[in-house]
Amino acid sequence: MKSVKDMVAAANAAVDHAPASEVMALHGQDGVTFVDLRDPRELEREGMIPGAFHCPRGMLEFWIDPQSPYAKPQFQSGNRFVFYCASGWRSALSAQVAQDMGLENVSHITDGFGGWKNAGGPIGEKPAKKA
């Protein structure tokens, strides 16, 4: 059986990644979309990177695929995508899946939201759902 650790290592070998301290320079730049893959409860508890697009990990493939009834226009934007989760494991796997599905210019934060907080990155509240 292949371990999660092995899968994350393989994903990191296939996709761009950097620690939060290096990725912070991209925050707020035009053409860059930060994608938060964490569970909604994590966002409510800890907040999120301001301006990030929330895509629960379980919906990623469905939201990326333009042929899916669940496709989201954010993934058709041509932007650079910076994926993140709590610690960099889900985001590594997600970045690899996104790249395999044809998204270009995909990377992830190696040390996740925890690294972002430790590096002093801005944190905002989870945006309220639109009625």
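The side chain of Ser-91 reaches the backbone oxygen of Gly-88 at 3.5 Å, and this side chain also makes a polar contact (a pair of N or O atoms within 3.5 Å; within protein, one must be able to donate a hydrogen and the other to accept it, and residues adjacent in sequence count only if both atoms are side-chain atoms) with the side chain of His-108, at 2.8 Å. The model is predicted, so that local features need pLDDT of at least 70 and side-chain atom pairs count only at pLDDT 80 or more, while totals for chains, interfaces and linings use all residues. Residues are numbered from 1 along each chain as its sequence is written, and side-chain values use heavy atoms, with hydrogens and water left out.

Ser-91 is found in helix 5, where helices (H or I, at least four residues) and strands (E, at least two) are DSSP runs numbered from the N terminus. With a relative accessible area of 0%, Ser-91 is buried, a term that means under 20% relative accessible area with a 1.4 Å probe and protein chains only. Leaving aside neighbours within four places in sequence, Ser-91 is in contact (heavy atoms within 4.5 Å) with residues including Leu-37, Phe-83, Tyr-84 and Ile-109.

Ala-92, Ser-94, Ala-95 and Ala-98 are also among the buried residues of helix 5, and what covers these buried residues includes helix 1 (4-14), helix 4 (60-64), strand 4 (80-84) and strand 5 (106-109). Helix 5 is followed by Gly-102, whose phi is positive, near 110°.

Note on methods. Buried < 20%, exposed > 50% of the residue type's maximum accessible area, 1.4 Å probe, protein only.
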